[in-house]
Amino acid sequence: MTGTVPTWPATSDPDAVVALLEQRAPLVGYERCRALHDELAEVAEGRAVVVQGGDCAEMFTDMSAASTRRKAEQLIALGAALTASTGRRAVHIGRIAGQFAKPRSHATEPGPDGEPLPVYRGDAVNALTPTIESRTADPWRMLTAYDLAADVLAALPGDVYASHEMLLADYEQPLIRHDAATGARYGTSGHLLWAGHRTRDPYGPQISMLAGIANPVAVKLGPGLTPADLAVLIDRLDPARTPGRLTLIARFGADDIRRKLPALAETVRRSGARPVWLSDPMHGNTVRTRDGRKTRVVDDMADEVTGFAEVLLAAGSHPGGLHLELSPDDVTECVATRAEVATAALPRYRTACDPRLNPAQARTLLSAYAAAVPD
Ligand code: PEP
Ligand code: MN
């Protein structure tokens, strides 16, 4: 298996799984997708704010009703804090009930004995345990992903929407359904679906999937994205310039946000689109400890959030909220300052993929956002 997007072993039968997923019920309802679209339109107009967050990669072994409720309660508490500090209603969106497939920059990583091992690509594809058997992609895992996502959605309080990266065509395509009442097609794997930084080629398969559904959709904007490509993305994803349809998630890193975002904000202004703008301060600020683990510095993330808000306010746009990787548990995966990076011990490091904020760290980023956004 090579490349960003997972592929299945030649000996496996993904089509059998696709056929079964086609027979399964939609995971989310069309009405709830439309309700989120309406709420995001309010955000686009500056009247509401978004807190989107959850695991980098959800794990099958963590999919209990109890853990779902704790994640939902965390989002609702963060939303309440944002409402208190910004005076705006909060829209809660989990990275939940489908965040099971990861794009990767490298196909292999060094295994425990130093031998190259296929990388972990999310529980819908392979397993985290560092053995060749566990890391071999297995399309049947998509069926487990579906079943567990259904359980999670059933346990989610009514006020939290579900979102994930729309990466795996063999999972997403069979769940795209036709709503007879409106004639529209919806991706029924989640209310909001997004294309990641590595798969946002304006003519690539992920953007084509998003272009073909009526859900609210999002795309990550990161280093290397040209204004010309952003213009094509807007034309493909939001041709009618409908507030609530398109969310743009900026993830440039603290060093680049103030330099790179202004030109893209200008591209958006000229396009006539009114997207929701979110800051993902996680993915442009990943660094490594001396023992090679990924971590992120809260100071840097707060600085990116502040820069994001400054740039958008200067461009006359509403900085609509935050997209975070976080945990309701007191994990130690991110650190407070740059000085801590090299030697950080990170005793409660439990993420399957990228380092998450613990509750206190998440609140620090919310405070940075609230301080930068006027009432
Ligand atoms: C992610 O959200 O986990 C991710 C991989 O982000 P990005 O596409 O921005 O790199
Ligand atoms: Mn991540």
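A nonpolar core is a set of buried Ala, Val, Leu, Ile, Met, Phe, Trp, Tyr and Cys residues joined through C-beta atoms within 7 Å. The model described here is predicted. Its largest nonpolar core holds 100 residues. Within this core, Trp 194, Leu 210, Val 219, Ala 250, Val 305 and Leu 365 touch the most other members. Helix H10, residues 298–314, supplies the largest share, with eight residues. In soluble globular proteins, nonpolar side chains tend to be buried together.

Neighbours within four places in sequence are set aside here.

The surroundings of ligand 1 were examined next. Cys 56, Pro 103, Glu 165, Gly 196, His 197 and Arg 198 are among the residues around ligand 1. Lys 220, Gly 222, Arg 251, His 283 and Asp 354 also belong to these surroundings. By class, the shell has five charged, four polar and two nonpolar residues.

Two packed helices are described by the angle between their axes and the distance between the axes. Helix H1 spans residues 14–23, and helix H5 spans residues 141–155. Their axes lie 9 Å apart, at an angle of about 20°. H1 is therefore roughly parallel to H5, because angles under 35 degrees count as roughly parallel. On the H1 side, the contact is made by Val 17, Leu 20 and Leu 21. On the H5 side, Met 142, Leu 143 and Tyr 146 take part. This contact has six nonpolar residues, with no polar and no charged ones.

Pro 139 lies in the loop between helix H4 (132–135) and H5. Pro 139 has 21 C-beta neighbours inside 10 Å and so counts as buried, because the cut-off for a buried residue is 20 or more. Along the chain, Pro 139 and Ala 16 are 123 residues apart, yet their C-alpha atoms are separated by 8.9 Å. Not counting residues up to four places away in sequence, Pro 139 touches Trp 8, Ser 12, Asp 13, Pro 14, Val 17 and Asp 170. Val 17 also belongs to the contact of H1 with H5.

Ser 271 is found in helix H9, residues 257–271. With 17 other C-beta atoms within 10 Å, Ser 271 is partly exposed. Beyond its neighbours within four places in sequence, Ser 271 is in contact with Ala 231 and Ile 234. Ala 342 is found in the loop between strand S14 (319–325) and helix H11 (359–372). Ala 342 is exposed, with 12 other C-beta atoms within 10 Å. Leaving aside neighbours within four places in sequence, Ala 342 is in contact with Thr 289 and Arg 290. Ala 342 and Arg 288 are 54 residues apart along the chain, and their C-alpha atoms are separated by 7.5 Å.

Positive phi values also occur. Ala 97, a residue other than glycine, has phi near 60°. Ala 97 sits in the loop between strand S2 (89–95) and strand S3 (108–110). Ala 97 counts as buried, with 31 C-beta neighbours inside 10 Å. Phi of Arg 241 is near 55°, again a positive value. The loop between helix H8 (227–237) and strand S10 (246–250) holds Arg 241. Arg 241 counts as partly exposed, with 14 C-beta neighbours inside 10 Å.

Methods
Residues numbered from 1 in each chain as written. Chains lettered and ligands numbered in written order. Predicted model: local features only at pLDDT ≥ 70, side-chain atom pairs only at ≥ 80, totals over all residues. Helix = DSSP H or I, 4+ residues; strand = E, 2+ residues; numbered from the N terminus. Contact = placed C-beta atoms within 7 Å. Near = placed C-beta within 6 Å. Nonpolar A, V, L, I, M, F, W, Y, C, P; charged D, E, K, R; others polar. Axes fitted to C-alpha atoms, helices over the stretch in contact; angles between N-to-C directions. Parallel < 35°, antiparallel > 145°, perpendicular 65-115°, else oblique.
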